[in-house]
Amino acid sequence: MTQAVTVRRDGDTFQARLFWRHAARLLDPESPIIKVGFEQGPKSFDDIWVEYDPSKSAQDQYGEPLRRKHIQCKWHVCPDSYGYVHLVDPEFINANARSLLQRAREAQVGYAPDGVGVRFELLTNWRLDRADPLREMIGNRSGAVRLDRLYGSLTDKSRAGSVRKAWREHLAIDEDELRILARTLAFGEANDSLDGLRDDLDILFAYVGLRRVPCNQSAFPYDDLVFQWMAQGRLEFDRASLHAICNREGLIGQGEGRPRVYGVKSFEHSMDHLEERCLRVLDLVPAFDERYIRSETDWADTLYPALKTFLLSAAKGEPRLRLAIDAHVTLAFAAGSVLNMKSGRIVELEQRTTGRQVWSAEDAPADPSWPTLSAAVVETGSGGSDLAVAISLAHDVDDDVLRYLQRAQPAVGRLLSLRTTGAIGATSVVCGCHAFELAEAATRLVREKRGFDPAATLHLFVAAPNSFTFFLGQRQPVIGRVTLYEFDFEGGRDRSYAPALMLPTTVSSRACGTQLRRT
């Protein structure tokens with residue numbers, strides 16, 4: 001009984017904290033969110049709904065403004081996975097008769113008959129099974145179903161066809177009706193723990209001026225408050241009504257000194273859209289198909305000039321700058337090269353590790369017990385004069401880099417392997433100060449091994465937190481000419497590396513007429 005009560009309460013806490021993640025943004029006048037609802041809407045997608053200002057909202061996976069999102073929250077006490085067949089099983093949502101997919105179909109017919117502008121999202125701490133066909137059809141940017149993958153084959157005997165057949169027959173609908181339904185479906189993974197969600201809310205509350213709850217206090221009144229409001233029949237909020245009720249509850253703080261956050265994104269985080277909390281966002285997502293750049297020349301001709309212009313504008317008059325970089329490693333390094341050590345700016349970075357934290361070079365006292373870097377040089381066998389550097393902090397990349405160099409880069413004769421003296425992984429870098437120190441150590445080791453040939457190019461392969469990569473990019477003028485590489489982590493192409501951006505760079509004349517979307 002005690003375990004059942006705990007699980008139920010944790011599920012309520014999960015839903016409440018996700019509600020506040022959206023509702024608190026109503027108090028930001030720049031947010032595209034204009035209404036938020038709780039326990040209201042189509043059955044099985046009524047936990048939370050969010051309505052957006054179409055002129056400010058993010059676009060859906062096909063470039064149409066996303067007007068409304070209905071979210072079904074599903075919390076599990078133990079980690080597990082699910083697949084496409086679970087969506088046709090009523091037991092998956094603890095129901096007796098109607099499956100989640102049947103309820104999604106009813107919601108789509110009632111709220112989005114043409115399949116445009118509305119999204120129905122299952123948000124759970126379970127993951128889509130890696131071996132399940134549905135996982136291949138979910139876009140990394142939005143979490144939405146990609147119709148080109150769902151309909152990437154003609155017969156029902158293929159992996160995609162098995163999904164279509166199971167869903168079509170379960171719902172007793174035809175292919176055209178299934179296509180409209182699938183366009184509205186999305187699947188999100190809530191990777192943060194309940195404590196991680198609370199940490200995120202603490203940052204958000206500071207920004208919008210809601211009263212913060214010290215982390216050493218066990219009680220978090222926001223969890224229960226939304227259910228109290230529900231009992232009073234308060235299920236829907238706009239900016240004015242939420243401010244009024246929060247003020248009446250004594251939740252409105254001063255909001256003094258709240259950070260001005262500037263966002264850069266080349267991919268979309270499924271649970272945290274930068275437009276909803278950043279003062280301005282440089283949206284480079286249209287230049288990519290998932291994680292793959294559409295045109296290799298865009299790195300130098302379009303993306304870097306846009307990034308440089310955006311960051312220099314953001315830094316003007318801001319001695320202390322906070323950045324949220326949801327972007328490729330190349331862009332994190334390039335951002336550092338723009339706001340380099342001579343820029344005179346103190347830069348804070350929102351770092352996603354096991355949660356979201358704010359890192360800076362001065363966020364903690366230096367600790368001599370922190371892991372540092374070890375260095376080893378490997379001959380590639382080509383006899384080339386260039387040096388490559390493989391940095392393994394988040395993943396061990398040495399073998400992948402060496403295979404790529406031997407296959408595709410004969411100009412590289414030596415590989416400098418830099419790796420943490422601690423365990424490689426998501427927590428290998430402790431904080432911003434540690435990342436800053438590691439970037440300093442990496443720069444020193446690179447300069448020692450590189451020599452002083454001005455014609456030689458440094459080939460850089462990084463698997464590390466973006467904060468480290470940014471701090472390393474700040475030292476690009478000292479490191480010299482460098483080419484950055486991106487790895488095919490998703491395995492959609494050759495699961496190897498491809499050259500991205502060379503710095504310093506020159507911009508071709510055709511870039512002058514290219515514009516990227518800023519919000």
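## A helix contact and its surroundings

Author: Start with the contact between two helices. From α12 come Gly432, Ala435, Phe436, Leu438, Ala439, Ala442 and Thr443; from α13 they meet Ser467, Phe468, Phe471 and Leu472. The contact residues divide into 8 nonpolar, 3 polar and no charged. Contact here means heavy atoms within 4.5 Å. Nonpolar covers Ala, Val, Leu, Ile, Met, Phe, Trp, Tyr, Cys and Pro; Asp, Glu, Lys and Arg are charged; the others, Gly among them, are polar.

Two notes on the basis. This is a predicted model, where local features need pLDDT of at least 70 and side-chain atom pairs count only at pLDDT 80 or more, while totals for chains, interfaces and linings use all residues. Residues are numbered from 1 along each chain as its sequence is written, and side-chain values use heavy atoms, with hydrogens and water left out.

Now the geometry. Two packed helices are described by the angle between their axes and the distance between the axes. Helix α12 spans residues 432–450 and helix α13 spans residues 466–473; they pack at about 45°, with axes 8 Å apart. That makes α12 oblique to α13. The cut-offs are these: under 35 degrees is roughly parallel, over 145 roughly antiparallel, 65 to 115 roughly perpendicular, and the rest oblique. Axes are lines fitted to C-alpha atoms, for helices over the stretch in contact, and angles run from 0 to 180 degrees between N-to-C directions. The crossing of α12 and α13 is right-handed, meaning that the near helix is turned clockwise from the far one by less than a right angle. Element names follow DSSP runs numbered from the N terminus: helices are H or I with at least four residues, strands E with at least two.

How covered is α13? Mostly: 8 of its 8 residues are buried. They are Asn466, Ser467, Phe468, Thr469, Phe470, Phe471, Leu472 and Gly473. Buried means under 20% relative accessible area, exposed over 50%, and partly exposed in between, with a 1.4 Å probe and protein chains only.

Take Thr469 of helix α13. Thr469 is buried, at a relative accessible area of 0%. Leaving out residues up to four places away in sequence, Thr469 touches Val329, Ala332, Phe333, Val462 and Ala464.

Val462 is among those partners, and strand β19 covers residues 458–463. So look next at the sheet that holds β19. The sheet is open, with 6 strands in the order β16-β18-β17-β19-β20-β21 and mixed pairing. The edges are β16 (373–379) and β21 (497–503); each has a single partner strand, so one side of each has no neighbour in the sheet. Strands pair if DSSP finds at least two bridges between them. Strand β19 runs parallel to β20 (residues 482–487), joined by 3 bridges. Leu460 has Leu484 in β20 as its bridge partner.

Helices pack on this sheet too. Helix α9 (residues 298–315) touches β20 and β21, and its direction makes about 60° with that of β21. Helix α11 (residues 398–408) touches β16, β17 (386–392), β18 (412–420), β19, β20 and β21. The direction of α11 makes about 170° with that of β18.

Follow β21 to its end. The peptide bond from Leu503 to Pro504 is cis, with omega near -5°. Pro504 lies in the loop between β21 and β22 (517–518). Most residues other than glycine have a negative phi, and most peptide bonds are trans. Glu290 has phi near 55°, a positive value in a residue other than glycine. Glu290 sits in the loop between β11 (288–289) and β12 (292–293). At 8% relative accessibility, Glu290 counts as buried.

For contrast, consider another helix pair. Helix α2 (residues 100–111) and helix α4 (residues 159–171) pack at about 70°, with axes 10 Å apart. They are therefore roughly perpendicular to each other. Leu101, Gln102 and Arg105 of α2 make the contact with Trp167, His170 and Leu171 of α4. Those residues divide into 3 nonpolar, 2 polar and 1 charged.
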